[in-house]
Amino acid sequence: MHSKVIIIGSGPAGLTAALYAARANLEPLVVRGLQPGGLIATTSEVENYPGFVEGIGGFELADNMEKQAARFGAQFKDTLITAIDARVRPFILQTDSGEQLSADTIIVSTGASPRKLGVPGEDELANRGVSYCATCDGFFFRGKKVVVVGGGNSALDEGLFLTRYVDELIIVHRRDSLRADPILQERAFTNPKVRFVWDSAVESIGGEGRVQHVQLRNLKSGAMSELAVDGVFPYIGHVPNTSLFQGLLTLDEAGYIVTDGRQRTNIEGIFAAGDVVDHVYRQAITAAGEGCRAAMEATWYLAEQEHAMKKTQEASSLVH
Ligand code: NAP
């Protein structure tokens with residue numbers, strides 16, 4: 001199966017790239033990946049995406065983006081890309097179902113995944129009280145007591161969402177001041193269900209078959225304490241999904257794809273956009289903007305290739 005453009009990843013960057021590539025008549029193929037809609041689809045409420053006066057649910061926003069791209073001819077495939085051969089043109093992409101795809105250009109928009117705490121009990125009790133998605137799992141914590149770890153926008157935004165369900169929300173942060181936007185801080189400080197444990201780290205998560213307690217360490221005094229809780233939601237940042245591109249694309253020391261300011265990677269014909277590139281802004285709107293740029297760059301690149309090929313054909317027909 002050949003495509004002019006294959007887009008790997010279906011968050012705001014990938015879906016916006018799909019919209020622009022589809023409207024340029026390139027019939028892009030979007031490989032949805034493990035998290036259709038990307039991280040935004042797991043976000044409860046998006047209040048800062050322009051055009052939605054009252055805000056919009058993250059899932060609905062991603063779903064709308066996909067439908068809009070599909071309206072102009074974008075195709076979608078639920079599979080994972082497991083290998084890319086960039087030594088040949090067109091590029092060859094292997095999928096996890098053994099299928100082989102080929103593409104003249106690739107737009108990488110594989111996003112980022114939640115960073116794990118890396119403490120004992122976290123993996124063992126995943127989906128048994130440890131969750132990285134308040135929107136998906138909040139409902140299961142009705143009347144419960146949960147811990148959110150982190151002091152950024154995600155911790156507060158998702159924590160505030162959890163207060164719809166839980167009786168008590170404890171935000172454990174490693175410092176004594178928050179990184180989150182002032183508007184979220186104000187909402188958290190005035191919410192009667194929220195309390196903070198400052199200067200502290202979760203050392204381990206424990207329980208018989210489900211989360212029952214966490215061990216906390218005060219980072220200033222070193223004192224240990226135990227907190228009885230039913231759930232733990234780590235919101236301590238993200239790691240880029242770039243394992244597929246190691247040894248292929250230039251990555252920075254944190255593993256993000258390096259682009260040249262025009263979404264072009266070190267390999268001609270491969271572009272990258274969104275959270276897989278950006279570790280500074282990481283907003284749905286900036287990801288969408290980068291997706292637009294990547295699709296426009298891919299369109300121009302393909303037009304140049306076509307033009308060059310025509311010139312070569314004309315020259316060879318003159319010789320004959
Ligand atoms: P973030 O802004 O990087 O915040 C991560 C938080 O986790 C920080 O408070 C950090 O502490 C803490 N942390 C990092 N590593 C840790 C560790 N190993 N142990 C304990 N704590 C740790 O990440 P984010 O909150 O996921 O936000 C990511 C991006 O998405 C940001 O640009 C954010 O603005 C955006 N976002 C926006 C909204 C919104 O606008 N409503 C909502 C969600 C996300 P320190 O503060 O000490 O570094």
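Is Arg 282 buried, partly exposed or exposed? With a relative accessible area of 35%, Arg 282 comes out as partly exposed, on a scale where buried means under 20% relative accessible area, exposed means over 50%, and partly exposed is what falls in between (1.4 Å probe, protein chains only). The structure is a predicted model, so local features were taken up only at pLDDT of at least 70 and side-chain atom pairs only at pLDDT 80 or more, while totals for chains, interfaces and linings use all residues. Residues are numbered from 1 along each chain as its sequence is written, and side-chain values use heavy atoms, with hydrogens and water left out.

Back to Arg 282: this residue sits in the loop between β18 (270-272) and α6 (284-319), where helices (H or I, at least four residues) and strands (E, at least two) are DSSP runs numbered from the N terminus. Its phi is near 45°, a positive value in a residue other than glycine. The loop between β18 and α6 also holds Val 276. Val 276 is a buried residue, as its relative accessible area is 0%. From Val 276 to Asn 191 it is 85 residues in sequence and 34 Å in space, C-alpha to C-alpha.

Now for the ligand. It is surrounded by 18 residues, the closest being Asn 48, Asn 153, Ser 154, Arg 175 and Arg 179; a residue is near a molecule if one of its heavy atoms lies within 4 Å of it. Sorted by type, the shell around the ligand has 3 nonpolar, 10 polar and 5 charged residues. In that sorting, Ala, Val, Leu, Ile, Met, Phe, Trp, Tyr, Cys and Pro count as nonpolar, Asp, Glu, Lys and Arg as charged, and the others, Gly among them, as polar. Helix α4 (residues 153-162) supplies the largest share of the shell, 3 residues. As for where the ligand lies, domain 1 (2-114 + 238-319) and domain 2 (134-234) both give residues to the shell, so the ligand is between them; the domain bounds come from an automatic or database domain assignment.

Several polar contacts (pairs of N or O atoms within 3.5 Å; within protein, one must be able to donate a hydrogen and the other to accept it, and residues adjacent in sequence count only if both atoms are side-chain atoms) were looked at here. Arg 175 places a polar side-chain atom 2.6 Å from an oxygen atom of the ligand. For Arg 174, a polar side-chain atom lies 3.0 Å from a ligand oxygen. Taken alone, the ligand exposes 910 Å², and the protein buries 79% of that; accessible areas come from the Shrake-Rupley method with a 1.4 Å probe, and for residues only the protein chains shown count as cover.

On to charge pairs. Side chains of opposite charge can pair when their charged atoms come close. With a salt bridge defined as a side-chain nitrogen of Lys or Arg within 4 Å of a carboxyl oxygen of Asp or Glu, the count comes to 13 salt bridges. One of them joins the side chains of Asp 78 and Arg 32 (2.9 Å, N to O). Asp 78 is in the loop between β5 (75-77) and β6 (81-85) and Arg 32 in the loop between β2 (29-31) and β3 (45-46), so this pair ties together parts that are 46 residues apart in sequence. Asp 78 is exposed at 56% relative accessibility, whereas Arg 32 is buried at 16%. Arg 32 and Asp 78 also belong to a network of salt bridges with Glu 66.

Another salt bridge pairs Arg 187 with Glu 47 (3.4 Å, N to O). Since Arg 187 lies in helix α5 (residues 182-189) and Glu 47 in the loop between β3 and β4 (56-57), the pair ties together parts that are 140 residues apart in sequence. Arg 187 is partly exposed at 34%, and Glu 47 is exposed at 52%.

Arg 89 and Pro 90 are joined by a cis peptide bond, with omega about -5°, and Pro 90 lies in the loop between β6 and β7 (91-95). Asn 127, although not a glycine, has a positive phi of about 65°. Asn 127 is found in the loop between β9 (112-114) and α3 (134-137) and is exposed, at 72% relative accessibility.
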